[in-house]
Amino acid sequence: MDTESFLAVAGDLLSVTSTADRPGELHRALDVVLGVIGPGVTIERFESRGKPSALIYPGTGRPRFRVMLNAHLDVVPGEAHQFRPRREGTRLYARGAQDMKVSALVAAQVFAELAAGLPYPLGLQLVTDEEVGGRDGTRHQLEQGVSADFVVIGEQSGLRIVTDSKGMVTVNLRATGRSAHAAYPWLGDNALLKLQRSLANLLARYPVATEEAWRTTVNLARIETPNRARNRIPDQAEAWLDIRFPPEDSDLNGKSPEDVAAYLAAFCEPGVRPDVDHADPPHHADRDRPEVRLLQKAARDQGYSGDFQRKHGAADGRYYYQRGVDAVIFGIGGDGQHGPDEYADIATIAPYRRALAAFLRAL
């Protein structure tokens with residue numbers, strides 16, 4: 001590949017502030033990537049709740065795809081300077097460089113090069129809402145009948161193969177008490193204290209991890225109360241929780257939001273109610289299926305281990321997993337995703353492209 005030409009286009013894409021609150025920039029990022037694919041393909045455009053996405057394939061009739069390449073073009077917010085890409089040695093610094101605009105661009109170029117000549121249907125799925133849950137991109141397309149046998153998601157992996165990622169529950173604990181003057185606590189019922197004790201019960205079951213562990217974790221993201229007087233007992237309080245769980249957690253995996261709420265209610269004191277916003281499943285792919293082994297060989301042929309990996313974060317692969325479709329994460333290297341020093345490892349881009357193309361040809 002012509003690395004300099006590729007990085008020039010990547011710089012254009014990385015300069016787009018494609019965050020969830022900028023719908024025009026989401027469209028712009030999508031158009032940048034579609035621009036590298038060229039003519040002779042079908043582009044189906046989708047939109048759900050203001051989030052655009054696209055499905056690209058050769059020919060005119062949408063098939064069930066043998067392989068789907070999936071990529072997201074949205075990013076989390078960053079400082080203004082992070083949308084001015086810069087190179088330092090083999091590092092390309094920018095918001096979205098590692099997560100995952102560079103891998104998305106590689107996938108688009110490989111698709112453009114190979115899709116028409118492969119003996120099976122290859123699709124390219126571009127979405128713009130993964131960072132805010134993926135419900136209006138990947139999930140929306142699947143609800144519209146898009147289907148595949150195997151999916152490669154270009155999230156960062158350093159050419160390792162991610163076959164497992166955690167599920168996610170977002171929940172608010174809402175406490176109701178009784179207000180009174182702070183000097184007479186026996187006349188009131190402190191909602192904050194009830195909330196605090198409920199959180200303690202939950203965190204006793206799921207202690208805060210101090211080192212990497214493949215188990216369920218609970219993040220307490222926020223505690224708030226509408227009370228604004230120091231000498232008043234608060235009668236309302238709320239906590240925001242982000243729960244991540246592996247497939248092995250039978251208390252959460254496969255459960256509906258109502259089931260999860262009932263389970264969490266057992267940790268709560270009277271007057272504290274769990275309201276589950278989303279209960280998304282984990283993701284798992286069979287490590288022994290032929291596509292996974294071929295992808296592993298392709299990575300190893302480029303000098304990388306191709307080792308299997310598990311990720312603690314959620315990814316759009318969970319929507320395929322719900323439908324019985326195996327999806328893996330396979331992407332470039334880098335570090336610092338969502339942080340102030342996010343970068344892509346330029347040295348991994350060409351090997352990643354060669355490995356992805358070799359895998360597709362070997363099927």
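**Figure 1. Helix 3 and helix 9 cross at roughly 40° in this predicted model.** The axes of helix 3 (residues 97-114) and helix 9 (residues 349-362) come within 10 Å; axes are lines fitted to C-alpha atoms, for helices over the stretch in contact, and angles run from 0 to 180 degrees between N-to-C directions. Helices (H or I, at least four residues) and strands (E, at least two) are DSSP runs numbered from the N terminus. Helix 3 and helix 9 are therefore oblique to each other, given that angles under 35 degrees count as roughly parallel, over 145 as roughly antiparallel, 65 to 115 as roughly perpendicular and the rest as oblique. Their crossing is right-handed; a crossing has this hand if the near helix is turned clockwise from the far one by less than a right angle, and is left-handed if anticlockwise. On the helix 3 side, V102, S103, V106, A107, Q109, V110, E113 and L114 meet I349, Y352, R353, L356, A357, L360 and R361 of helix 9, where contact means heavy atoms within 4.5 Å. The residues of this contact divide into ten nonpolar, two polar and three charged; Ala, Val, Leu, Ile, Met, Phe, Trp, Tyr, Cys and Pro count as nonpolar, Asp, Glu, Lys and Arg as charged, and the others, Gly among them, as polar. Residues are numbered from 1 along each chain as its sequence is written, and side-chain values use heavy atoms, with hydrogens and water left out. As the model is predicted, local features need pLDDT of at least 70 and side-chain atom pairs count only at pLDDT 80 or more, whereas totals for chains, interfaces and linings use all residues.

**Figure 2. Helix 7 packs against helix 9 at an angle of about 140°.** The axes of helix 7 (residues 290-301) and helix 9 are 8 Å apart, and the angle makes helix 7 oblique to helix 9. Helix 7 passes helix 9 in a right-handed crossing. E291, L294, L295, A298 and A299 of helix 7 form the contact with A355, A358, F359 and A362 of helix 9. By class, eight of these residues are nonpolar, none is polar and one is charged.

**Figure 3. Helix 1 packs against helix 3 at an angle of about 130°.** Helix 1 (residues 3-14) and helix 3 have axes 10 Å apart, and the two helices are therefore oblique to each other. The crossing of helix 1 past helix 3 is right-handed. From helix 1, F6, V9, A10, L13 and L14 take part in the contact, and from helix 3, A97, K101, V102, L105, V106 and Q109. Nine nonpolar, one polar and one charged residues make up this contact. Helix 3 also contains M100, which a cis peptide bond joins to D99 with omega about -15°.

**Figure 4. The largest cavity is lined by residues that include A107, Y352 and L356.** The structure holds one cavity of 30 Å³ or more, and about 40 Å³ of space lies in the largest cavity. On a 1 Å grid over the protein atoms alone, a cavity is a set of points where a 1.4 Å probe fits but cannot get out, and a pocket is an open set with protein on both sides within 12 Å along at least five of seven lines; lining residues have an atom within 4 Å of a point. Grid points are joined across faces, edges and corners, and a volume is the space filled by probe spheres set on the points. By class, the lining has six nonpolar, two polar and no charged residues.

**Figure 5. The largest pocket has a volume of about 720 Å³.** Of the 33 residues that line this pocket, R244, G313, A314, Q337 and H338 are the closest to its centre. Two or more lining residues come from each of helix 3, strand 11 (236-245), strand 14 (308-311) and strand 16 (334-335). Strand 14 gives the largest share, three residues. The lining comprises seven nonpolar, 14 polar and twelve charged residues.
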